[in-house]
Amino acid sequence: MSFEVKEKNLLGRIGKLKTKSGTVETPLLYPVINPNVQLVPAQRLKDEFGFEAVITNAYILWKRYGSRVTEEGLHKFLNFDGVVMTDSGAYQILVYGGVEVSQAQIVDYEESIGTDIATILDIPTGWRIPKEKAQDSVSETLKRAKTFFKLKTREDLLWVGPVQGGRHLDLVAKSAKAMGRLPFQIHALGSPTEVMESYRYDVLVDMIMAAKMNLPLDRPMHLFGAGHPHMMALAVALGCDLFDSAAYALYAREGRYMTENGTWRVGEMDYFPCQCPRCASSTPKTVRDMPKREKEVFLAEHNLHVCVAELKRIKQAIRDGRLWEHVEMRAHAHPALLTALKRAKNYESFIETHSPTVKQSGFFFFDSVGLGRPEVVHYRERLTERFTPPDTAEVLVLIPQGKEKPFHRSEDFKDIRRVINRLDEKTADRVHVCFYAAPFGIIPLELDEVYPLSQHETSMPLDYEVIDYVARQVSECLFRSNYKSVVFVHDPENWGNNVKNRCRTTCKKKKIAFSCLTLGESSTKEFLASLNAMLKQNLSE
Ligand SMILES: [Zn+2]
């Protein structure tokens, strides 16, 4: 097996990819090497920036340098001792509509130059393409993938099986399924460049997930043409392991300065928000005054440093189990990214199934975007499937979350517990206490120490969607259970009326008694006396 997963969080993973020229760690970004004009020499990319692998275009090499690369060998030709991936010319097909090379020729060339990771000659779908044409690109790519296995002669290269289909998700799914059945070591999602250029990251989420959910999960997935640090965390979280970036150089040519939160024009900057070796000793003004080529190299090198730094943050976030928080942070840098993260909620069940949920650390819950987190989804699904109230439970006492966690140890709850404890044991068994709390919904007292029900911090005040989610969870829990009555402790200051109203409506539908006690309306003593009276009344009926 050439790929081994070491750490996981969401669908993101730190893995080891073994090639004939060495083992590299994923998530991995290959800087694109343009054999004609290279701003930063390949070997420097490895030695000074830490890029263990690069990507170059086999079609351009074939066309321009031909047998010279075969004779020298690709690594020597590029003067690079790391891992080299070659793309096949598919991008040129997309841009120019065709290449003057057959798949047999390009496969033979990739093998003979000794690349480490190679791509078959697929047919990219492109962006604004009608469905029939997209279907053709999927069928032709699959046909070529099948014939490819009769063409290849070497066993030591890793081969990439590209998934096509563009924005036609059913085609992407079909393509992924068919490609996944063939013995490729790596898969790649083709033609997302235009989607990213038009900032349709929400469409990109759909495309990635359509591929991911239909490919073998034990193979790494490459996202072609994705090289901007502001979207990498999202792509990694959705299971992309490999990226390539021509953007670092293309942006540099246009005077664009990448950051993990977006792109700036160096012409409009007064300060550099970066401490990479280039920026630390320079200012935007000195860069603006540089000769064209020098400026381009400066920006290319800065852009590369930013990409490396962001990849390291992403890896650390995977190790710490904090990738969701990291993605949320990046998503708030651009509305298109936040839209995309909201779209990822459509896949919450798949993400939850494949993400480890037992972690060491607690998490931060900011707002309703976080309702898509695997921890929240996992708890909801487990509670629905597995939890039933104790057999003796007749009266449900619903209490709002306290300030401290676990809730049962909170000061607010101690008085309430005393009232329940004053009942004789057999009667007390007929009372079941649950908390309503954000973001989990309803938490039975006996579970409130189970991870992560107490191991998180929530920002207040709660937003409407979060309150509504909790209200729905309370209602659904009542529909599933057989309580005879509900005593609802109402906290209008933190919760408004939504949870209370939904709870009352559900009780009415289920024909169970509903009584309500409002916090802050009377003294603690009066409140506890009312609770006592309500319990006794409900228990005597
Ligand atoms: Zn910098």
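His 302 is buried, with a relative accessibility of 0%. This residue is one of the protein donors of a zinc ion, to which it contributes its ND1 atom. The model is predicted.

**Zinc site**

- The site is tetrahedral, and the angles among its four donor atoms run from 96 to 124°.
- For four tetrahedral donors, the ideal angle at a metal is 109.5 degrees.
- Along the sequence, the donor residues follow the spacing C-x1-C-x2-C-x22-H.
- Cys 279 belongs to helix 13 (residues 277–280) and His 302 to helix 15 (residues 292–320), so this pair ties together parts that are 23 residues apart in sequence.
- Cys 279 has a relative accessible area of 4% and is buried; His 302, at 0%, is buried as well.

**Second largest pocket**

- The space in the second largest pocket is about 710 Å³.
- Its lining is made up of 33 residues, of which Gln 401, Lys 403, Asp 412, Asp 491 and Leu 519 are the closest to the pocket centre.
- At least two lining residues each come from strand 15 (395–400), helix 20 (411–421), strand 18 (456–458), helix 23 (492–495) and helix 25 (524–540).
- Helix 20 contributes the most to this lining, with five residues.
- Sorted by class, the lining holds 14 nonpolar, 11 polar and eight charged residues.

**Helix 16**

- Helix 16 (residues 323–331) is largely enclosed by the rest of the structure, because eight of its nine residues are buried.
- The buried residues of helix 16 are Leu 323, Trp 324, Glu 325, His 326, Val 327, Glu 328, Arg 330 and Ala 331.

**Gly 66**

- Gly 66 sits in the loop between helix 2 (58–64) and helix 3 (67–72).
- With a relative accessible area of 17%, Gly 66 counts as buried, because the cut-off for that class is under 20%.
- Leaving aside residues up to four places away in sequence, Gly 66 touches Leu 61 and Tyr 109.
- Between the C-alpha atoms of Gly 66 and Cys 240 there are 33 Å, and the two residues are 174 residues apart along the chain.

**Cis peptide bonds**

- Thr 26 and Pro 27 are joined by a cis peptide bond with omega of about 0°.
- Pro 27 is in the loop between strand 3 (22–26) and strand 4 (28–33).
- Met 460 and Pro 461 are joined by a cis peptide bond with omega of about -5°.
- Pro 461 is in the loop between strand 18 and helix 22 (464–480); strand 18 also supplies at least two residues of the lining of the second largest pocket.

- Tyr 199, which is not a glycine, has a positive phi near 60°.
- The loop between helix 9 (193–197) and helix 10 (201–212) holds Tyr 199, and this residue is partly exposed, with a relative accessible area of 30%.
- Lys 511 is not a glycine either, and its phi is positive at about 55°.
- Lys 511 is placed in the loop between helix 24 (498–510) and strand 20 (513–518), and this residue is exposed, with a relative accessible area of 76%.

Definitions and conventions:
Residues are numbered from 1 along each chain as its sequence is written. This is a predicted model: local features need pLDDT of at least 70, side-chain atom pairs count only at pLDDT 80 or more; totals for chains, interfaces and linings use all residues. Side-chain values use heavy atoms; hydrogens and water are left out. Donors are N, O and S atoms within 2.8 Å of the metal (3.2 Å for Na, K and Ca); water is not among the atoms, so sites may look incomplete. Four donors count as tetrahedral if all angles lie between 85 and 135 degrees; four count as square planar and six as octahedral if opposite donors are over 155 degrees apart and all others between 65 and 115; anything else is irregular. Helices (H or I, at least four residues) and strands (E, at least two) are DSSP runs, numbered from the N terminus. Buried means under 20% relative accessible area, exposed over 50%, partly exposed in between (1.4 Å probe, protein chains only). On a 1 Å grid over the protein atoms alone, a cavity is a set of points where a 1.4 Å probe fits but cannot get out, and a pocket is an open set with protein on both sides within 12 Å along at least five of seven lines; lining residues have an atom within 4 Å of a point. Grid points are joined across faces, edges and corners, and a volume is the space filled by probe spheres set on the points. Ala, Val, Leu, Ile, Met, Phe, Trp, Tyr, Cys and Pro count as nonpolar, Asp, Glu, Lys and Arg as charged, and the others, Gly among them, as polar. Contact means heavy atoms within 4.5 Å.
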